[in-house]
Amino acid sequence: MAPKRRAAAAAKAGGKKAKEEPKDAFTSTKEALLAAGPQVKGRRKVDEHCSLSASGEVHEDYDCMLNQTNIGHNNNKFYVIQVIQANNRFFSWNRWGRVGEVGQSKLSPFDKLENAIKDFEKKFKDKTKNSWSDRSNFVSHPGKYTMIEVDGEQDAEVKVDDVDGKVVKVSKNVLPCTLNDATKNLVQLIFSTDMFKEAMECMNLDIKKMPLGKLSKMQIAKGFEVLEEIEAAMNQRRGGARLEELSSKFFTAIPHNFGRNRPPTIDSKEIVEQKKEMLMVLADIELAQTLKSETEKAQEEMIETVPHPLDQDYNSLRCVLSLLDTKTETFKV
């Protein structure tokens, strides 16, 4: 009996199904990011280059980052739009330019909130060809900007107690670290901000536009999906024009800082693998930052004695790390 027929007969007889091929790390990570779904955004922050960054606040969720890369026209540009409230007045803030640069900006004052919102929505429609009210069904259009999903700013304020109407800062007694030196060094590396910055800079990622861990899980997953499209186009031996189009799509989804240089076309397996590695790093950064954020939220209730920060980071990993004996076979592997 032919192998296929034997397999079919075994299935009918209640036999075991053929073992599925294990998924590679790239596919598993992409599926995990997609499964996480949309994230709840935290407090939004006024663009740091706006003169109202210290005194104003973003009105509700009227805040967006747009990006557009077109390799053929050497476009690699961003557009920021916000509605800002400050001193009982409302403003529409716009800043635009090439990725990695401060660019140009415009701050327009309005006496009424509805006028500032109207200006925001009009600009969003002009730049993306999408309606702000229907942004959950955003569709990218040729020659227009694409909305980049970023996480809201984490609340970095010092937590305080409110006692008899007075704000009182509570001092904390931080306990000594309980980790051994090897585990301590590993945890420091996992949560190292400097390591994240160095990894991003080596990969030409725009740190200014993409603060550590700020690209959402869904946005990173979009980068994974575009790379899969590029791989499929290569396997089908599609022409350079198609690869250039998909490369522009990738750099739009995952902003890169190329300076004034023309963005390169992703046209080889080697470059695809480099970009896969980059996305894996981004996913690791997002995960580490999420774990750290959860740890900080757990400390919202002020207590006088808290674990050492490294112990908090270690506990957020929800696992047990132990040193391997250098004489074991596992260590030799």
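Helices (H or I, at least four residues) and strands (E, at least two) are DSSP runs, numbered from the N terminus. With that settled, I began with Lys276, which lies in helix H8.

**Ground rules.** I kept in mind that this is a predicted model, where local features need pLDDT of at least 70, side-chain atom pairs count only at pLDDT 80 or more, and totals for chains, interfaces and linings use all residues. Residues are numbered from 1 along each chain as its sequence is written, and side-chain values use heavy atoms, with hydrogens and water left out.

**Entry 1: Lys276.** Is Lys276 buried or exposed? I found a relative accessibility of 13%, so Lys276 counts as buried (buried means under 20% relative accessible area, exposed over 50%, partly exposed in between, with a 1.4 Å probe and protein chains only). I then looked up its neighbours, taking contact as heavy atoms within 4.5 Å. Leaving aside residues up to four places away in sequence, Lys276 touches Phe26, Leu227 and Glu231. With Glu231 there is also a side-chain polar contact of 3.1 Å. For that term I used a pair of N or O atoms within 3.5 Å; within protein, one must be able to donate a hydrogen and the other to accept it, and residues adjacent in sequence count only if both atoms are side-chain atoms.

**Entry 2: the cores.** Next I looked for nonpolar cores, meaning sets of buried Ala, Val, Leu, Ile, Met, Phe, Trp, Tyr and Cys residues joined through side-chain atoms within 4.5 Å. The largest has 37 residues, and Ile84, Ile230, Phe250, Ile254 and Leu279 touch the most other members. Elements giving two or more residues to this core are helix H2 (25–36), S1, S2, S3, helix H6 (217–235), helix H7 (240–253) and helix H8 (269–298). Which element gives the most to this core? My note says H6, with 8 residues. This core also draws at least three residues from each of domain 1 (38–152) and domain 2 (171–327); the domain bounds come from an automatic or database domain assignment. I followed up Ile230, which touches Leu243, Leu246, Ser247, Phe250, Ile266 and Val272, not counting residues up to four places away in sequence. There is a second, separate core of 15 residues, and its members include Leu66, Tyr79, Phe120 and Met147.

**Entry 3: strand S3 and its partners.** I counted two strands as paired if DSSP finds at least two bridges between them. S2 and S3 run antiparallel and are joined by 10 bridges, with Ile84 standing opposite Phe91 in S3. On to S4 (residues 104–110): 7 bridges join S3 to this strand, again antiparallel, and Ser92 has Ser108 as its bridge partner there. The S3 and S4 hairpin has 5 residues between the strands, and Gly100 in the turn has a positive phi of about 100°. Of the 10 residues of S3, 8 are buried, so S3 is largely enclosed by the rest of the structure.

**Entry 4: two asparagines.** Most residues other than glycine have a negative phi, so I checked for exceptions. Asn74, in the loop between strand S1 (57–70) and strand S2 (75–86), has a positive phi near 55°. Asn74 is partly exposed, at 28% relative accessible area. Asn87 sits in the S2 and S3 hairpin, which has 2 residues between its strands, and has a positive phi of about 55°. At 66% relative accessibility, Asn87 counts as exposed.

**Entry 5: cysteines.** How many disulfides does the whole structure hold? I found 0, taking a disulfide as a pair of cysteine sulfur atoms within 2.5 Å. Cys50 is buried at 3% relative accessible area, and Cys64 is buried at 4%.
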